[in-house]
Amino acid sequence: MRIAHSCHDAVWQATRSQLFLIDPHTLHLLDANPAAARLSGAGAGGDFAAIVPLLPRDQFDAALGGGALLHTVLARADGTPCRVTLRLAHVRHGERDCVLAIAEDDSAAEALQQVQSRFDAIVAHSPGLVYQFRREPDGRVSFPYLSEGCQALLGMPAAELAAEPDRFAHLVLPEDRQSYLDSMTSSAATLWSWNWEGRIWIEAWKDVKWINLRATPHVLPGGAVQWEGIMTNITESKLEQMEVRASRARLAELTAHIEKVKEQERTRIAREIHDDLGGNLTAIKMALAMLAARLPDGDPVLAQKAAYVDELADRTIDAVHRITLDLRPSILDFGLVPALEWQVKEFAAQAGLACSFQSNEKDVKLDSDQATALFRIVQEALTNIAKHAQASSVAVRLQSTRQHVGVKITDNGRGIRATDRAKPGSFGLRGMAERARALGGTLSLSHAPGGGTVVAIRIRRASPGDGLEAATIRPAITKQDVP
């Protein structure tokens, strides 16, 4: 072919391909365009054979005669190899016959192929379905890309879902479908990551699976939103999670039952001690008084013995009274507010601290078991303050609403550190938290303004006729929730 001069100049200067004009007899370079000169560092008078050292002359001639493409290595100016595709053609330049060698750099394509190979390997070994999902402005959806994990996860070939993309939404169980659509809409509106989990029905296996999809959105020209992400099967972990929740719920119910039984047993023992021992000691004291009155005068030893026995009876009656109060303060029968007010006064007298009690209601109606459990939590909190807080003042506040009852115990002590809460032997704090959870409530610890600790308990009122069991924590999900 003949190269027109003007065309030659335009192509020669502008093309990114490496162009070499070669003497067909000596393979010496007659010229090289700027792209070729930059890559090879060679120009007119150079040896083309030195630029492509791995290309024998016979292959050069064969390719030139047959028009075949050659894949070879070209030496860069710095000596490093560069894979190229070489096309050879007879041309006429000026008044002489020449060979035009067009070299296309294969390094970019090779790098792209390597990246594609790595991507394919990663996708093939991913434990899920790698996908692209697109939603057009008019609401139409499509799957531009689906990995081969589609069959294993959804029970259908990728080509089948790509042909009918609306089928995916119908795989989602009806009770989970709205949350799926809402999460998609929210992600498209905010361009935040789409993270959703729910249940799908796999027709191929007549089974339900829990899946999690995580995808990142971006807006395409024209307004469509496209997500790239991965879907994974989380059925096993979801069932384990539900089992843990159910186990925790059963443990909470057991804890509540144990606490109720303990309080019932304490009440029974306190009543028996009060009725039997208290009554007997009162009778003994009366009999001692009658005997002491009939002792002969002038016998100081007998009078001293009688006084000692009478004092011993008094101390025993006091001990019975104290043990009975510890087992179950009878003042609880008058309501939670009087019981807490009495407890705060007793604590102030025993610990020697300035204590105050306030309630927004004079009479807080609570189930007997709830009132007892809440009273015990406050008792334990005050005991912890006396043991560890090094406080000089304590304030107890009772707040009652229609649905909840809350108590805050605030001290001005040294505060509580996070490490103290996690101590293996911190059974007091754990016991308080367990009691609160058993009541269907919460217990929190925080720093008080100016130093000290705030213990806040908030419980839900039981419905009329409900006992402690009615307020226990119920599992959020159970295995029966899975069809």
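Helices (H or I, at least four residues) and strands (E, at least two) are DSSP runs, numbered from the N terminus. A pocket is defined on a 1 Å grid over the protein atoms alone, as an open set of points where a 1.4 Å probe fits, with protein on both sides within 12 Å along at least five of seven lines, and its lining residues have an atom within 4 Å of a point.

This is a predicted model, in which local features need pLDDT of at least 70 and side-chain atom pairs count only at pLDDT 80 or more, while totals for chains, interfaces and linings use all residues. Residues are numbered from 1 along each chain as its sequence is written, and side-chain values use heavy atoms, with hydrogens and water left out.

**The whole protein**

Start by colouring the protein by secondary structure, which comes to 15 helices and 15 strands. Of its 483 residues, 39% are buried, where buried means under 20% relative accessible area, exposed over 50%, and partly exposed in between (1.4 Å probe, protein chains only).

**The largest pocket**

Next select Q343, R376, Q379, E380 and T383, which are the closest to the centre of the largest pocket among the 27 residues that line it. About 590 Å³ of space lies in this pocket, a volume being the space filled by probe spheres set on grid points that are joined across faces, edges and corners. Helix 13 gives the most to the lining, with 8 residues, and the other elements that give two or more are helix 10 (235–293), helix 11 (300–327), helix 12 and helix 15. The lining divides into 10 nonpolar, 7 polar and 10 charged residues, where Ala, Val, Leu, Ile, Met, Phe, Trp, Tyr, Cys and Pro count as nonpolar, Asp, Glu, Lys and Arg as charged, and the others, Gly among them, as polar.

**The largest nonpolar core**

Now select I385, L398, I409 and I457, the residues with the most contacts inside the largest nonpolar core, which has 37 residues. Such a core is a set of buried Ala, Val, Leu, Ile, Met, Phe, Trp, Tyr and Cys residues joined through side-chain atoms within 4.5 Å. Among the elements that give two or more residues to this core are helix 13 (368–389), strand 13 (404–411) and strand 15 (453–460), and the largest share, 10 residues, comes from helix 13. Centre the view on I409: leaving aside its neighbours within four places in sequence, I409 is in contact (heavy atoms within 4.5 Å) with residues including V378, I385, V396 and I457. Apart from this core lies another, of 28 residues, among them L146, M156, V172 and W196.

Select A256 in helix 10, a residue that is buried, with a relative accessible area of 1%. The C-alpha atoms of A256 and E434 are separated by 8.4 Å, although these residues are 178 residues apart along the chain.

Then move to T72 in strand 3 (residues 70–75), which counts as buried because its relative accessibility is 8%. Not counting residues up to four places away in sequence, T72 touches V52, L54, L55, C82, R83, V84 and L86.

**Two loop residues**

Most residues other than glycine have a negative phi. Select L191, in the loop between helix 9 (174–190) and strand 8 (194–202), where phi is near 60 degrees, a positive value. Finish at K206, in the loop between strand 8 and strand 9 (207–219), which has a positive phi of about 50 degrees although it is not a glycine. L191 is partly exposed at 41%, whereas K206 counts as exposed at 53%.
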